[in-house]
Amino acid sequence: MSAAMDASVGHTMGASRRGFLKAASLAAGGLALEFTLPAMAAMAAAPVAQAPGAAPSPEVTAWLLVQSDESVIIRIARAEMGQGTLTGLAQLVAEELECDWAKVRFELVKPGVNRARARVWRDMGTGGSRGIRGSQDYVRKAGAAARSMLVSAAAQQWSVPAAECSVDRGTIRHAASNRTTTYGAVAEAASKLTIPENVVLKDPSQWRIAGKPLKRLDTADKLDGSLVYGMDLRLPGMIVALPKACPVHGGKLVSFDKAAVMKMPGVRDVLQVDDATVAVLADRFWQAKRALDALPIVWDKGANASVSSESIATMIREGLQGDTPFVGNRQGDAKAQLATASRVIEADYGTPFQNHAPMEPLSATVQWTPQRCDVWAPTQVAEAALAAVADAAGLDIAACEVHPMRIGGSFGRRLATDYLAMAVRIARQRPGVPVKMMWTREEDMLQGRFHPVTQCRLRATLDAQGRIAAMHMRIAGQSITAFVNPKAITANGDATVFQGLLGESAEGQFGYEIPHLLIDHAMRNPHVRPGYWRGVNTNQNAIYSECFIDELAHAAGKDPFEFRKLHMAKRPKHLAVLQAVADRAGWGKPAAKGVFRGIAQYMGFGSYTAAVAEVTVKDGQLRVLRIVAATDPGHVVNPQQVEAQVAGSFVYGLGAALFGGNTVKDGAIAETNFDTYGVMRLYDMPAVEVIVMPSGGFWGGVGEPTIAVAAPAVLNAVFAATGKRIRQLPLKDTDLAKA
Amino acid sequence: MTELNVNNRQLRADVDGDTPLLWVLREELQLTGTKYGCGVAQCGACTVHMDGVAMRSCVVPVSALPATAKIVTIEGLGQTRLKVVQEAWAELDVAQCGYCQPGMIMAAAALIAQTPDPSDDDIRSGITNICRCGTYPRVLAATRLAAQRLRGAGAAR
């Protein structure tokens, strides 16, 4: 052991002893049996602290426990990666439960337990901005059912009708006899009652906890460094593993010279993980990193070794012409109209690969034995993760468990389970030894699941009044589905490429009425592995359509906002958010000298969004000064967290559009760290004013939708400032100083 | 054997001299609040204070530290400035995923120490840490708030 620290032995011992005691008290102190973990791991996976000696607290229902000290533990099945879903779900449960919000804690559900209990917590997947909207109905019902049971338990003790009892913040009162009791006092009795099947939910207008800008439940341990992320986990006897996979996706590992590094300090082993990956095992990260960097490796880079960004662009560009059977939206006959039109406005656009680059690189800690496999890891898809783990472990799924951890950013990267299977394959070669697999940032950059690369050709013609008479939008490029789930590709192609461009759709309806419209797709899949990147296909679809609409407004000699409105008479919700940002930004009134505006709207993930950007361009330098953004997600559970998500969307979306972009050289991603993969920093951050305007009647997403309008609003403002259309992203590749 | 003064404790770690301070803190001293984000001093998740100045610990070999260096990490609670910054962070609910936030807080605290009354431009230029969730607007506001409170506390003394 290299961690000899004479002066700090007490300190170190103290830390682990405290951890053990905390974990032990968790296990002994009344958590439901299924949530009991190996001692050290409990620290990370179950952040609920419990007073020593607290009475055992049974489940009222699977969704919540009420403790004798009146604290309420709400179970969270969806992943928390910063987007605030955890707090929002707790608010929805607490709203119907009528408990004291100040006493609410949380606990993360495990997929193996969910499976063993017939999926009592239902879907654990967290993607597509579905965390709240996909579970709001049943989590509210869970809170209402528990309230009903707690009240019934009190009423039975008092021998009064439950209907005569009222609840206020966890205190049950029978007014006629002037008796009160608390949730904590009747929780045990309530837990023995039958869960009511039919409960009545409050109208959102009656909400007191949901709908309010409450602080997040999961903040304190993020501010003092005590939150244990996947990268921070430490188990007794643990060693670390750093993998390196063939930098060209699809390439193979031929050989490696283990002897060259085995004598380096701390190195335990060098082993083949799969047909493309080698890993160094060592006592410490730095020891493993040093050895991995020094390890001679021979790759067979395969057929893609000479692929470049240019060759990929050429392949995709070929898909911009000719026919394709994959149609997303068809009204009238756009092709015929365009063939005979006297004036056709035409433009080609393109957007690059983007890496998720979450701040916490990928990791997973695995303990594998021939009988059992436990994995502690951040994941957005706990149930799929469990299945992937069982498969890689060669064990029955009932002999495996994934202990989900709070996630240091993800943005879609951990919807894939590649890193979990990889970690299990490593740990299988060290039976009984906990192995923490950590990816370097370089590995994260090279082995991402990239935002798909696409191009778009747009052609349109205007009628005599300057409205769009016909438009054809041909998207060509990569399909995520073709890589992730090829069986889902049908004769109609991949429907998901048309996000936000559909006809009638509650998920993403195209914002404009155009009499002759054709939106179609030509699939061209390069070898770089794609994935779901925050906003997914709405990102490029909004850039293509909203920048081109701006071009058409210019061609029609009309104001871009007024021009859009001409086509939105049958899109009142799309128009409402657009109108809101125009009003707030002072659209139509002069901006300050040198300041120029751009506007955009889009619908995605069930929500309506719009933005106005204000920019300056001086000496070729773009500065985004101000963003006014609006979103109508139907219902809002926590307005200040919605505001945080919208502001964050602009960081993520603009960072990619302005500074990001991944390129391919010799078959591999060329950007290996944040020195070459540009992201937005505080210096670049515009002021973001967020208008949260829920119109009710539907539940839309929040985490992703607003990204779509970030880039087009700014690019349209850049045109206003410079007269230059930026049609190829990222913008950093264009010299704005050249007219 | 390397000697270190971390959070006002004199500690010893048996590591190779080229090991970055980050990994000594994280793996030898179990101070995992200091995060690994890039390893090339780009992201600032590993920010600590050395003698009161913000430093990216992922590229500093432990052998390069002066013998007298005093290191403070996010776990160095009880230090007024850090505490006030953390409280401002909590009040404005800054954190999203939280992974970059210890580094942000350390950067903000060091900035305020050097520039007690920072302008927005001072903060924008002075805190170059990366946050992928997009907490920047609240980082800016919380840094302003913490600076204001610390100036008030200074005036009261």
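Predicted model: local features only at pLDDT ≥ 70, side-chain atom pairs only at ≥ 80, totals over all residues.

Reader: Are helix 11 and helix 12 of chain A roughly parallel or roughly antiparallel to each other?

Author: Helices here are DSSP runs of H or I with at least four residues, strands are E runs of at least two, and both are numbered from the N terminus. Helix 11 (residues 382–393) and helix 12 (residues 418–427) of chain A pack with axes 9 Å apart at about 30 degrees; axes are lines fitted to C-alpha atoms, for helices over the stretch in contact, and angles run from 0 to 180 degrees between N-to-C directions. Angles under 35 degrees count as roughly parallel, over 145 as roughly antiparallel, 65 to 115 as roughly perpendicular and the rest as oblique. Helix 11 and helix 12 of chain A are therefore roughly parallel.

Reader: Is the crossing of helix 2 and helix 3 of chain B left-handed or right-handed?

Author: The axes of helix 2 (residues 80–91) and helix 3 (residues 101–114) of chain B come within 9 Å and cross at roughly 125 degrees. That makes helix 2 of chain B oblique to helix 3 of chain B. A crossing is left-handed if the near helix is turned anticlockwise from the far one by less than a right angle, and right-handed if clockwise. For helix 2 and helix 3 of chain B, the crossing is right-handed.

Reader: How many nonpolar residues are in the contact of helix 2 with helix 3 of chain B?

Author: Residues are in contact if their C-beta atoms, placed from the backbone, lie within 7 Å. Among those making this contact are B:V85 and B:W89 of helix 2 of chain B and B:I105 and B:I112 of helix 3 of chain B. Ala, Val, Leu, Ile, Met, Phe, Trp, Tyr, Cys and Pro count as nonpolar, Asp, Glu, Lys and Arg as charged, and the others, Gly among them, as polar. Besides 2 polar and 1 charged, the nonpolar residues number 8.

Reader: Which helix gives the most to the side of chain A that touches chain B?

Author: The contact takes 57 residues from chain A and 54 residues from chain B. Helix 1 (9–28), helix 7 (220–223), helix 8 (285–294) and helix 18 (639–659) of chain A each supply at least two residues of that side of chain A. By class, the side has 31 nonpolar, 15 polar and 11 charged residues. With 8 residues, the one giving the most is helix 18 of chain A.

Reader: Which residue stands opposite A:M473?

Author: Strands pair if DSSP finds at least two bridges between them. Strand 20 (residues 468–477) of chain A pairs with strand 19 (residues 454–462) of chain A in the antiparallel sense over 9 bridges, and with strand 21 (residues 516–523) of chain A in the parallel sense over 8 bridges. In strand 21 of chain A, the residue opposite A:M473 is A:I519.

Note on methods: Residues numbered from 1 in each chain as written. Chains lettered and ligands numbered in written order. Contact = placed C-beta atoms within 7 Å.
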